[in-house]
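My notes follow in the order I made them.

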Amino acid sequence: QGLVYNPSDPESRAIVRLACLCRQHENGQGVSDDFKQLEREERSALINYLNADGICQQAFLLFNAPAVIENARNAKIGVLRAMRMLLKIYTAAARLYLNSESLVVTIMVDEMAAFAKECKDPEVFEFTYFEIARTSDSQGSLHISPWKLWTDKDALRELEHTTGTFLNLLRKGDHEVDFGHSVMREPTFLKELPNVFPELHYLKGSSETLQKIHCRAIGALLAVYWVALDQDEAFTRGQANNNKLTEKSWRELQQWVGEMSSLEAYDFFPVVFVVILLRAVGEVPRFRGELVPHAKDRRSALEHVIKTERRVLPSYVNLPKKSRRLVKKFIGLDFDPGQLLRAENVPGDLTSVRTMLADVSRKDSEDSEDSQVMTSVTMNLSTRSEEGGHKRCSQDELSTQRRLSDVADEADEDMKTSTFYILTLLFCSFAELSGSMGPESIEGSLFMTEERYVQFKVAKEAMQRLDEGSSEQEVYEGVLEAHAKAGGLPFDPGNPAQRAVVRLA
């Protein structure tokens with residue numbers, strides 16, 4: 001291999017071991033050069049792991065490590081990145097087996113070997129996360145985490161096309177249109193979901209926690225599907241006859257969704273699907289633990305991922321900028337409409353929603369002012385044209401006209417942006433509540449019965465009053481008053497005892 005071997009020099013021993021692992025029988029110097037490109041701390045740690053003898057100190061045998069390095073060397077990844085990956089594996093194994101009595105621990109790294117062979121993007125390889133499952137005190141298996149970077153623009157474009165085709169069927173409300181070789185019926189919808197929204201793979205796993213998160217998400221997405229395609233029988237099939245969602249309530253839902261999905265300037269269904277998916281992903285403990293170990297909750301974890309590495313969320317990346325902005329606002333909200341349903345939260349919890357609506361309204365106002373400026377510029381240009389077609393407007397005026405051309409399109413909407421925001425947020429909550437009993441069954445919505453829909457409607461109408469200028473206290477008192485009326489309880493907003501009784505009820 002052309003290497004100098006000094007048995008008393010740990011670095012020399014480590015380099016020779018790496019050359020053997022790399023199956024470099026002639027060009028050992030190349031391995032040495034790659035090793036020396038590592039940071040000093042990386043070299044020191046790798047030297048310690050590669051020199052551990054399993055007699056005096058614990059040692060790790062990374063079974064199939066040669067394939068990891070050889071496959072990385074034969075692809076676009078390179079030996080240096082493979083060394084760093086081996087160091088990550090050694091470090092994770094040492095942490096997992098810290099209290100093991102076994103001096104020699106074998107870690108099966110077959111999945112990483114296969115991934116090193118198929119991966120074509122160095123950035124994707126470096127980003128890759130994994131976990132080691134401890135199968136015994138002396139053995140474990142490496143499993144690559146499902147979240148990955150989407151850096152291939154062609155793959156993103158193909159996903160965007162697939163998603164567009166899929167969601168267009170919901171917009172048209174036509175469940176007889178072919179999707180691929182199948183008809184867009186419920187089994188096809190469920191089958192295609194992971195292909196259309198890859199983030200669903202992040203929810204797969206054998207743990208009870210993951211299975212519940214997955215079932216709730218599927219239940220919520222099915223609720224959107226049932227409402228969008230006017231499938232009331234499918235939605236209510238698991239509900240008791242004496243509390244089944246009524247036809248009147250179903251028609252209200254149809255009117256609500258029909259109005260929202262008909263607004264061409266907004267991507268209603270894409271936003272709803274992505275919000276539901278991202279909220280579910282944010283609940284996955286391993287996702288938070290690996291990508292944002294310092295995150296306190298789902299909200300902060302998702303905000304961090306979107307800010308620092310949104311490419312692990314391809315469905316979010318493919319949204320138009322305006323829709324991404326809306327999703328970010330929803331993800332960042334410290335508010336759960338479901339808690340308002342039960343009077344579980346307090347008026348102050350509505351402040352984040354009120355702040356969001358105020359920000360949106362302020363932007364609408366600024367856009368309106370811009371639109372007036374554009375009208376003024378246009379009239380000025382028109383006047384110049386009448387005075388003499390040979391006169392040319394200034395470059396600044398032309399720039400202003402171009403800059404504001406998009407504003408007119410957005411201003412010419414039948415629904416305020418803030419109204420769209422609040423109604424979309426509420427529908428996302430409706431879908432999530434409808435699927436909240438998914439772990440029990442996804443044969444219809446077990447949760448959204450007529451009784452619970454009436455409660456939801458109270459919260460919906462109350463929150464809409466925020467958009468109309470009501471204060472948090474006024475909105476909250478409206479919810480309590482409605483609950484009191486439904487329960488036959490006396491309610492005086494100024495009577496603390498009555499307020500407390502209604503909340504407890």
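**Salt bridges**

I started with Arg-299, which forms a salt bridge with Glu-303; the closest N and O atoms are 4.0 Å apart. This is a predicted model. I looked up where the two residues sit. Both Arg-299 and Glu-303 lie in helix α15, residues 298–309. They are four residues apart, about one turn of the helix.

Next I asked myself: is Arg-299 buried, partly exposed or exposed? Arg-299 counts as partly exposed because its relative accessibility is 25%. The cut-offs I used are under 20% for buried and over 50% for exposed. Glu-303 has 36% relative accessibility, so I noted Glu-303 as partly exposed too.

I reminded myself of the background. Side chains of opposite charge can pair when their charged atoms come close.

How many salt bridges does the structure hold? I found 20. I picked out one between the side chains of Arg-286 and Glu-131, at 3.1 Å from N to O. Arg-286 lies in helix α14 (residues 285–291) and Glu-131 lies in strand β3 (residues 130–136), so this pair ties together parts that are 155 residues apart in sequence. Arg-286 has a relative accessible area of 23%, so I wrote down partly exposed. Glu-131 has 35%, so Glu-131 is partly exposed as well.

Then I turned to Glu-477, which forms a salt bridge with Arg-499. Their closest N and O atoms are 3.2 Å apart. Glu-477 lies in helix α24 (residues 472–487) and Arg-499 in helix α25 (residues 496–504), so this pair ties together parts that are 22 residues apart in sequence. Are these two buried or exposed? Glu-477 is buried, and Arg-499 is buried too.

**Helix packing**

I moved on to helices. Two packed helices are described by the angle between their axes and the distance between the axes. I looked up both values for two pairs.

Helix α13 (residues 268–282) packs against helix α22 (residues 417–434) at an angle of about 50°. Their axes are 10 Å apart. The angle is why I call α13 oblique to α22. The crossing of α13 past α22 is right-handed.

My other pair was α13 with helix α17 (residues 321–332). Their axes come within 10 Å and cross at roughly 40°. Because of that angle, α13 is oblique to α17. I noted a right-handed crossing for α13 and α17.

**Contacts across the chain**

I looked at Pro-320, found in the loop between α16 (314–317) and α17. Pro-320 counts as partly exposed because its relative accessibility is 40%. How many residues along the chain separate Pro-320 from Pro-270? They are 50 residues apart, and their C-alpha atoms are separated by 9.8 Å.

I then looked at Met-463, in helix α23 (residues 450–467). Its relative accessibility is 0%, so Met-463 counts as buried. Met-463 and Ile-422 are 41 residues apart along the chain, with 7.6 Å between their C-alpha atoms.

**Backbone with positive phi**

Most residues other than glycine have a negative phi, and most peptide bonds are trans.

Asn-64 is not a glycine, yet its phi is positive, about 85°. I placed Asn-64 in the loop between β1 and α4 (65–74). Asn-64 has 26% relative accessibility, so it counts as partly exposed.

Asp-230 is not a glycine either, and its phi is positive at about 55°. I found Asp-230 in the loop between α10 (208–228) and α11 (232–236). Its relative accessible area is 36%, so Asp-230 is partly exposed.

**A nonpolar patch**

Which residues make the nonpolar surface patch of about 330 Å²? I listed Leu-61, Phe-63, Leu-103 and Val-104. I followed up on Leu-61, which is in strand β1 (residues 59–63). Leu-61 counts as partly exposed because its relative accessibility is 40%.

Definitions and conventions. Residues numbered from 1 in each chain as written. Predicted model: local features only at pLDDT ≥ 70, side-chain atom pairs only at ≥ 80, totals over all residues. Heavy atoms only, no water. Patch = residues over 30% accessible without salt bridge, like charges linked within 9 Å, V, L, I, M, F, W, Y side chains within 5 Å. Areas by Shrake-Rupley, 256 points an atom, 1.4 Å probe, with all protein chains shown as cover. Helix = DSSP H or I, 4+ residues; strand = E, 2+ residues; numbered from the N terminus. Buried < 20%, exposed > 50% of the residue type's maximum accessible area, 1.4 Å probe, protein only. Axes fitted to C-alpha atoms, helices over the stretch in contact; angles between N-to-C directions. Parallel < 35°, antiparallel > 145°, perpendicular 65-115°, else oblique. Left-handed = near helix turned anticlockwise from the far one by under 90°.
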